[in-house]
Amino acid sequence: MGFGFGFLVHLLCSLLVLQRLEMTEAHGENIERGVYNMKLVRIYKDNHLRIPGGRDENSGKNLHEHSISHMNHLDPELNVFFYINELKVGKKMPIYFSIKDPSTSPSLLSKEESDSIPFSLEKLPYILQLFSFLKGSKQAKAMETTLQHCEFPPLEGETKFCATSLESMLDSTRSIFGFKAKFKVLTTTHLTKSITLLQNYTILEVPEEILAHKILACHTLPYPYTVFYCHSQESDNKLFKVSLIGEDGGRVEAAAICHMDTSHWDPDHVSFRVLKTQPGASPVCHFFPADNLIWIPVV
């Protein structure tokens, strides 16, 4: 069924037990948590957006200074990139995995509910009023950025969409893979509970390459309810399942992707700064956080 299948089951169950959306302060907290994922979308996507500075309020508390001091000058959240030749048993590398509490994460709406709420920049003033957010607030700015990201035109060779419900995500995925195609979802799964956001992880087993002729990656964006930004690029990519153990003993089955051709990427893409490389010089790989979904067709 693919690793991380339980996450899809969780999404389906959330859809069944969803209650009416309540306009409370919790929405503001959810949006602030979602800013991390907006950063990741900016990291992963080959475009002209830049990563804003700053640190997660908890990330600096768990740094292992003795072993990852060479990365301390970077935003801790950028510790997701690596070289493809590092995918070998025993390799140790610093990795940042965000930790979210599912009980406080944004709700997943049904298609009927999400379709009843406007989702466009043009309607942003009405949306802010609907969720009781002030214009110019942190939440309002995050929502505006999400809507902008969803309305950006796709890059050359790219297919993209934003999904505001599980049904709309599945419908759009079928349109990309083919309406008769079968597909499955992969995610990063935390096998044990860990409170350490950034630490050194060691690869335990030979990484397993997941063969797929098309890959659709979906990242969550900050919004009062769950919004997935999904994109598929017509380029040479390799998908891997990587078994990791952290210095604190935490186990992670991580999904990772390697972009084999970066020759057309923006020279200022943050991955080149992190890896000290340049467009076309080498593949760029990165790990996915646990709340991202990677859809692939079943061969």
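Which strands does helix H6 (residues 138-151) lie across? In this predicted model, helix H6 lies across E3, E8 and strand E9 (227-233), and runs at about 140 degrees to E3. Here helices (H or I, at least four residues) and strands (E, at least two) are DSSP runs, numbered from the N terminus. Axes are lines fitted to C-alpha atoms, for helices over the stretch in contact, with angles from 0 to 180 degrees between N-to-C directions, and contact means heavy atoms within 4.5 Å.

A few notes on reading the values come first. Because the model is predicted, local features need pLDDT of at least 70 and side-chain atom pairs count only at pLDDT 80 or more, while totals for chains, interfaces and linings use all residues. Residues are numbered from 1 along each chain as its sequence is written, and side-chain values use heavy atoms, with hydrogens and water left out.

In general, strands of a sheet pair through backbone hydrogen bonds, either parallel or antiparallel. This sheet is open, has five strands in the order E3-E9-E8-E13-E4, and shows antiparallel pairing; two strands count as paired if DSSP finds at least two bridges between them. Strand E3 (158-163) and strand E4 (183-186) form the edges, and each has a single partner strand, so one side of each has no neighbour in the sheet. From one strand to the next, the twist averages 20 degrees. Within the sheet, strand E8 (residues 216-221) and strand E13 (residues 293-297) are antiparallel partners over three bridges, and Leu216 has Trp295 of E13 as its bridge partner.

Strand E8 also holds His219. His219 is buried, with a relative accessible area of 1%; buried means under 20% relative accessible area, exposed over 50%, and partly exposed in between (1.4 Å probe, protein chains only). The His219 side chain makes a polar contact of 2.5 Å with the side chain of Asn292. A polar contact is a pair of N or O atoms within 3.5 Å; within protein, one must be able to donate a hydrogen and the other to accept it, and residues adjacent in sequence count only if both atoms are side-chain atoms.

Seven of its ten residues are buried, so strand E10 is largely enclosed by the rest of the structure. Strand E6 (residues 198-203) pairs with E10 in the antiparallel sense over three bridges, with Tyr201 opposite Gly246. Strand E7 (residues 208-210) is likewise antiparallel to E10 over three bridges, and here Ile210 stands opposite Leu239. E10 and E11 make a hairpin with four residues between them, and Gly249 in the turn has a positive phi of about 90 degrees.

Rings of Phe, Tyr and Trp (its six-membered ring) pair if their centres lie within 6.5 Å; planes under 30 degrees apart count as stacked, over 60 as edge-to-face and the rest as tilted. By this rule there are nine aromatic pairs. One of them joins Phe119 and Tyr223 edge-to-face, at 5.2 Å centre to centre with 70 degrees between the planes. Phe119 lies in the loop between helix H4 (111-115) and helix H5 (124-130), and Tyr223 in the loop between E8 and E9, so the pair ties together parts that are 104 residues apart in sequence. Phe119 is partly exposed, with a relative accessible area of 25%, whereas Tyr223 is buried at 1%. The rings of Trp265 and Phe272 have centres 5.9 Å apart and planes at 50 degrees, so this pair is tilted. Both of these residues are buried, Trp265 at 11% and Phe272 at 3%. Phe82, Phe97, Tyr201 and Phe287 make up one aromatic cluster.

The loop between H4 and H5 also contains Leu121, which is partly exposed at 28% relative accessibility. Beyond its neighbours within four places in sequence, Leu121 is in contact with Glu144, Leu147, Gln148 and Glu151. The C-alpha atoms of Leu121 and Leu147 are 5.8 Å apart, although 26 residues separate them along the chain.
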